[in-house]
Amino acid sequence: MRHDHIISPKQLSREDIEEVLDRAADIAADPSAYGDRHAGKLLGLLFFEPSTRTKMSFTAAIKRLGGDVVDMGPVEYSSVKKGESLADTVRVVEGYADALVLRHPSEGSAKMASEFVDVPLLNGGDGAGQHPTQTLLDLYTIRENAGLDDLTIGVMGDLKYGRTVHSLAHALTNFDAHQHFISPESLRLPRSVRYDLHEAGATIQEHTELEEVLPTLDVLYVTRIQKERFADENEYQKVAGEYQIDAETLEAASDDLSVMHPLPRVDEIDHDIDGTDYATFFEQAHNGVPVRMALLDLLLEDDS
Amino acid sequence: MRHDHIISPKQLSREDIEEVLDRAADIAADPSAYGDRHAGKLLGLLFFEPSTRTKMSFTAAIKRLGGDVVDMGPVEYSSVKKGESLADTVRVVEGYADALVLRHPSEGSAKMASEFVDVPLLNGGDGAGQHPTQTLLDLYTIRENAGLDDLTIGVMGDLKYGRTVHSLAHALTNFDAHQHFISPESLRLPRSVRYDLHEAGATIQEHTELEEVLPTLDVLYVTRIQKERFADENEYQKVAGEYQIDAETLEAASDDLSVMHPLPRVDEIDHDIDGTDYATFFEQAHNGVPVRMALLDLLLEDDS
Amino acid sequence: MRHDHIISPKQLSREDIEEVLDRAADIAADPSAYGDRHAGKLLGLLFFEPSTRTKMSFTAAIKRLGGDVVDMGPVEYSSVKKGESLADTVRVVEGYADALVLRHPSEGSAKMASEFVDVPLLNGGDGAGQHPTQTLLDLYTIRENAGLDDLTIGVMGDLKYGRTVHSLAHALTNFDAHQHFISPESLRLPRSVRYDLHEAGATIQEHTELEEVLPTLDVLYVTRIQKERFADENEYQKVAGEYQIDAETLEAASDDLSVMHPLPRVDEIDHDIDGTDYATFFEQAHNGVPVRMALLDLLLEDDS
């Protein structure tokens, strides 16, 4: 790993990404070979906002490598309440751990914090900013199910505010992927993101209806449309309903389609899909463990 | 262990119970022999409501077996707040762990959740439902102190709402136990529980005063009478006082009497009993560790 | 270690202190030699009020010794909410762990709790009472940077309410230290503390301005002046500003001066000092790990 810290998916080249995904695949194939690899190593968890999935899977990841965590706990119980700066907090906590995971509501906080510490720092999500380990586990899941090259992917739902979606779209520009974006007019990709993707050479198309592209897709990545985005509840109800999928919707899809979702879902994906071969979202969540193990393994082996 | 999940004490036969208690006794006799037995195994903790004792003793249990935990943390900080269903949560978390403990306020939730996962799930209490590991540690404590057969036990306090008491009473029908139930009229065993016990062939008697049966008891199991159960504070004060015990109360008891309590206690058992040979309630709490180690050991050894 | 529990710095003789600091130095020199020393040992964490630093560094300490923790979690989620006494809580939890750390808002609670348990109990701060591990890590930091004998130390800020300062001042009476206390008139050392220090043979002087003594100091220990101590916000602003230091302030100091602070700081120490050789406060925080490892090591080795 040629990086000291993992801050943004944008810092990762195709080569970097493949290094992580290859390591993750190796781990998934034989986890026990890694079970003692970082015995005695401690991962500091600094979660300034809640996150079940990211926190639990980082915890599982370091423990599956033989290490352990030192957790700051909920911010309500921390010295942050006494007015301590983030820079001070990370400088203290790096003395307790061999690497840090930071989740913080302020965009740019992970980058800033990384400049104050000598141990590897991993961004576990910085508000409207980046969430690189989510992007890597998405890429890993796509690679395992459909391959990253010669890929046709549809991304549907809230494309305006969805950090997850923007990061994934950008990361896919490293590969030979055709990206379709499906959303209501009011929630389409922001102009700046579209510009970035064009600059990076992406092949993208926008749609307001799934049925136009569904049959061509290898992967359908669904995200939640949040009620809070709409001033008018009726408007929300009408729009949201059009971007929910169920078994009937998927009758027009390829048999090999993989349906992904960053979870938690509310009602974007009907439960009648859960038991089908389309459902890839639980596997996707589970992939958080080998992918985070891979990242930690690469960072800690360089560090020792 | 012939069960995949541990949901209710009612699913356990005499043979099942003895398998767990024998293993627990073996562990208690030589804990270090088990110290590495499940190295690398992770127990997922899903506590949707608070529980100091159950959570800490499950944590100690898996760690004393060489394993570790992955904890969802307080539900206020989890993705449940974002509207995720319990079925989705357990399906995600089973990817992070080798077994799960679920505590949840809704009766029946553990059974439901167990139908969605492949790893062993242990019910850590489901509201007004079941709490099988509490029952097993109660049985273990009784067996160690008085034996389970040819037992005369008195159960005193709130017999109407006490889940702990109902489960224990039912489990004791597997053994040759004579059960006395001592409570104010308003808090006696519900008719449905009495019916169940009769159906299971239990020998039970009900009393409003302890002194009638105290001299005959091998075990006195005390539970708390909660103020909230009474509309009238005066009524509560009068009733509660009659079901509190102290050293003077126990002058009429057998020297071999064991006093148990699921804890926490408030003032049902006076502190002047703490230092006596009667006091078995701290030992009872401590038995949570070997009993939960035994259960985890039996479930994980089958699973691997 | 001739003590069963660590309750107060006042219980520690010069010999006791040196035993801990020597062990800490040995650990810091070669941590990996201690990495497996207490494998399988569990440290019970009972934090009845928040504490990031103390909790995280105790956690790191036991894990760096090969052990692990069993954490009660935030008191809002514990059975304490059900009215359980502290004596009962510690008697239950000692069954889950090989040693306990207690932090509690009530002065005297650690001493009281220690009388109910057989496992070693360490006071992690008891309100206005004692915080012995903070004192020990302060002493260790002073010894590493300036030596404890022939020491000239200035302690500045809130000397009236600062528990940390009182404990450190008292502990330094075991060594050949000259202590200067610098504070506004309204926040000077309480008469009772001054009396104690005189009784213990301390050489102390009080000042209202730092500049009088700064050039003579080996160590400057800064503490925060809390706004809440002043009825009048203007009064606070005036006073607090006079006891803040920056690079300019330190132009009059010795090149070997070490600036310490128990952290978190707000604005008592300007960030322009962070990168200088004066800044010893992050090192001080990090020293919490080897010092707590040393204490745990000494207590657990006696215990086994």
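Helix α1(C) crosses helix α5(C) in a right-handed sense (near helix turned clockwise from the far one by less than a right angle). The model is predicted: local features need pLDDT of at least 70, side-chain atom pairs count only at pLDDT 80 or more, and totals for chains, interfaces and linings use all residues. Residues are numbered from 1 along each chain as its sequence is written, chains are lettered from A in the order written, and side-chain values use heavy atoms, without hydrogens or water.

The axes of α1 (residues 14-29) and α5 (residues 132-145) of chain C come within 10 Å and cross at roughly 65°. Axes are lines fitted to C-alpha atoms, for helices over the stretch in contact, with angles from 0 to 180 degrees between N-to-C directions. Helices are DSSP runs (H or I, at least four residues). α1(C) and α5(C) are therefore roughly perpendicular (65 to 115 degrees). Contact (heavy atoms within 4.5 Å) involves residues including C:I17, C:L21 and C:A28 of α1(C) and C:L136, C:Y140 and C:R143 of α5(C).

In chain B, the axes of α5 (residues 132-145) and α6 (residues 163-172) come within 9 Å and cross at roughly 55°.

Between chains, 23 residues of chain C contact 25 residues of chain B. Five salt bridges link chain C and chain B (Lys or Arg side-chain nitrogen within 4 Å of an Asp or Glu carboxyl oxygen). One of them joins the side chains of C:E84 and B:R53 at 2.8 Å, N to O.

Methods:
Helices (H or I, at least four residues) and strands (E, at least two) are DSSP runs, numbered from the N terminus. Angles under 35 degrees count as roughly parallel, over 145 as roughly antiparallel, 65 to 115 as roughly perpendicular and the rest as oblique.
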